[in-house]
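Hi everyone, thanks for coming along.

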Amino acid sequence: MKVVIVGGGFGGVRAALNLARRPGFDVTLVSKQSYFEYHPALYRSATGRSPLEVAIPLADFFASDNNLEVVEDEIVSLDHQKKSVTGKSGSVFRYDALILATGAVTQYFGIKGLRDYSYGIKTIQEALELKRHLHEDLVAGHRAERSYVVIGGGATGVELAGELVGYLNHVRRRHGINTKFSVDLVEASPRVLPSLPESFTNQIERRLQRLRVKLHLKTLVKSESADQIKLLRGDIESHTVIWTAGIANNPFFAQNPNAFKLDKSGKVVVNEYLEAMPGVYVIGDSAATQFSGMAQTAIHDANLVTTNLKRQLKHKTRLPYQPAKPIYAIPAGPGWSAVLWGRTKIYGRPGWLLRRLADLRLYLRFLPLKKALTTWRYGFDLEESCPICR
């Protein structure tokens, strides 16, 4: 069976690993980049931790798999009648089964100035660009108070805002400067992480406030300029605005309306086997499933689809999709995390240890033991990349 997998993220890599070295499968993994990004750790790369924890070459996953080819390309069109997809390079990839794990893209909701002036944290390049800017902005000789604004009270925004305070203090100590700074977190909903239980998010809000992160809840963003963010009520003077609030489905699906039906949020409607149409599977962030958007969900989706492909090869009945409720582990500052595991809530240092163990568990799902441990340890390494220190 010829299987083409599009996307080198959690879902795509897990699906490829599940089919690697499996008799009867010829697998092509098509990815826009030559490395896998561990997105849950991007906030750490932006605040001084080693980028080697985040960017892992795809070759490290598949070095010994002779039935699997990794191709760096971007898929731009689908011809289901011919069972083929075409890359930006012009290459055509034919399939018996197609697994689309393309992930999400940044959405700015048409807010004026955000695309031009805000920083992002969706990729390792964005994270490292933000890290460099934080250094330059704080140590460039300014003595006025500096303001750093994070927009979006989801997991990424909370994690980044909590880590920023400690990191900026580290930069100040490293360079012997006394520049004052503030960190603001702006969220349109009445509370951070609005989809999670209020009793859980209240603890996270209190933790952020103890770190002196100023919360602006029920606050909409109107526009941004080079030195100011305009809110529905009041403005904040800032040269550093980090946008973490908006994501949208990969535009590939909207660009192929004859092939995919989208729900109101723009995600792809799939059947009980995660098919958008016979033989075309959509998994992870792009699928309109209950817990779409979580790394754990992407892995769960990949496991189901590849299990069913193996069953199909053996002429067995396929298994229907059953959503798996994820475990939420939300760090908020050094050595502190809030964990929601079913009905169990854990806060503080124990929660942080569980989060780090969860990171290790995810690495172990993809990498050999030695490589997984090495990559995981990079998350403890504080790096200094300020230009004046070279």
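This is a predicted model: local features need pLDDT of at least 70, side-chain atom pairs count only at pLDDT 80 or more; totals for chains, interfaces and linings use all residues.

If you draw a box along the principal axes, the C-alpha atoms fill roughly 70 × 45 × 45 Å.

Of the 390 residues, 52% are buried. The chain exposes about 18100 Å², and 50% of that comes from carbon and sulfur atoms. As for charge, you'll find 52 positive and 36 negative side chains, with the centres of the two sets 6 Å apart. And if we take contacts between residues at least 6 apart in sequence, 66% of them join residues at least 24 apart.

Now let's find helix α9, residues 295-313. Its 19 residues reach 27 Å from the first C-alpha to the last, close to the 27 Å expected. Which residues of α9 are buried? Among them are Ala295, Ala298, Ile299, Ala302, Val305 and Leu309. Here is a handy reminder: an α-helix has 3.6 residues a turn, so residues three or four places apart point the same way. And what do the buried residues of α9 pack against? Their partners are β1, α1, β9, β20 and α10.

Our other helix is α5, residues 124-139. At 1.5 Å a residue, its 16 residues should span 22 Å, and the end C-alpha atoms are 23 Å apart, which agrees. Its buried residues include Ile124, Ala127, Leu130, Leu134 and Leu138, and also Lys131 and Asp137. The cover over this buried set includes β3, α2, β11, α6 and β17.

Let's finish in the loops. Between α1 and β2 sits Arg21. Arg21 is not a glycine, yet its phi is positive, near 60°. Is Arg21 buried or exposed? It is exposed, with a relative accessible area of 58%. Then there is Lys83, in the loop between β6 and β7. Lys83 also has a positive phi, about 50°, without being a glycine. With a relative accessible area of 36%, Lys83 is partly exposed.

Note on methods:
Residues are numbered from 1 along each chain as its sequence is written. Side-chain values use heavy atoms; hydrogens and water are left out. Buried means under 20% relative accessible area, exposed over 50%, partly exposed in between (1.4 Å probe, protein chains only). Contact means heavy atoms within 4.5 Å. Accessible areas come from the Shrake-Rupley method with a 1.4 Å probe; for residues, only the protein chains shown count as cover. Lys and Arg count as positive and Asp and Glu as negative; His and the chain ends are not counted. The place of a charge is taken as NZ of Lys, CZ of Arg, CG of Asp or CD of Glu. Helices (H or I, at least four residues) and strands (E, at least two) are DSSP runs, numbered from the N terminus. The expected span of a helix is 1.5 Å times one less than its number of residues.
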